Amino acid sequence: MAARHNTARKRDQIPARQAVRPAPQAPRPSALDRLIHDRTRLAIVSALAATASLSFTELKSLIGLSDGNLSVHARKLEEAGYISCTKSFEGRTPRSEFTLTPAGRVALNRYLDHMEALIRAARALTT
């Protein structure tokens with residue numbers, strides 16, 4: 001009988017379980033906008049978000065791309081409606097001017113919100 005009594009006493013001394021808080025609902029990494037998630041295209045969209053417009057030459061030197069690389073990535077963003085390209089001539093020299101479209105700004109903000117949510121979720125798991 002004494003053994004039962006000691007067991008009951010020990011059981012009473014065990015601290016109650018701490019409430020387990022549910023893990024925050026992390027956004028799905030697969031929901032990232034793959035078009036913007038590419039390093040080069042993210043650089044293009046980010047550069048255009050910081051200014052009204054940039055010429056092909058300015059954008060190329062700012063990001064450090066070759067002509068062909070910039071052309072391919074800019075075309076993909078233009079086809080998605082994220083950037084627009086206006087072509088003109090300055091004398092006999094062709095000039096391409098890039099701007100971020102309203103849809104591109106929305107896509108960039110959505111991407112940044114998603115990345116911030118991923119960061120918050122990852123930090124919540126480490127604390």
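**Pocket**

I listed the lining of the largest pocket: Phe 56, Ser 71, Ala 74, Arg 75, Glu 78, Cys 85, Lys 87, Ser 96 and Phe 98. Helix H5 (67-79), strand S2 (83-90) and strand S3 (93-100) each give two or more residues to this lining. H5 has the largest share, 4 residues. A pocket here is an open set of points on a 1 Å grid over the protein atoms alone, where a 1.4 Å probe fits, with protein on both sides within 12 Å along at least five of seven lines; lining residues have an atom within 4 Å of a point.

The model is predicted: local features need pLDDT of at least 70, side-chain atom pairs pLDDT 80 or more, while totals for chains, interfaces and linings use all residues. Residues are numbered from 1 along each chain as its sequence is written, and side-chain values use heavy atoms, without hydrogens and water.

**Sheet**

I traced an open, antiparallel sheet of 3 strands in the order S1-S3-S2. Helices (H or I, at least four residues) and strands (E, at least two) are DSSP runs numbered from the N terminus; strands pair if DSSP finds at least two bridges between them. Strand S1 (54-55) and S2 are at the edges with a single partner strand each, so one side of each lacks a neighbour in the sheet. I found 2 bridges between S1 and S3; Ser 55 has Glu 97 in S3 as its bridge partner.
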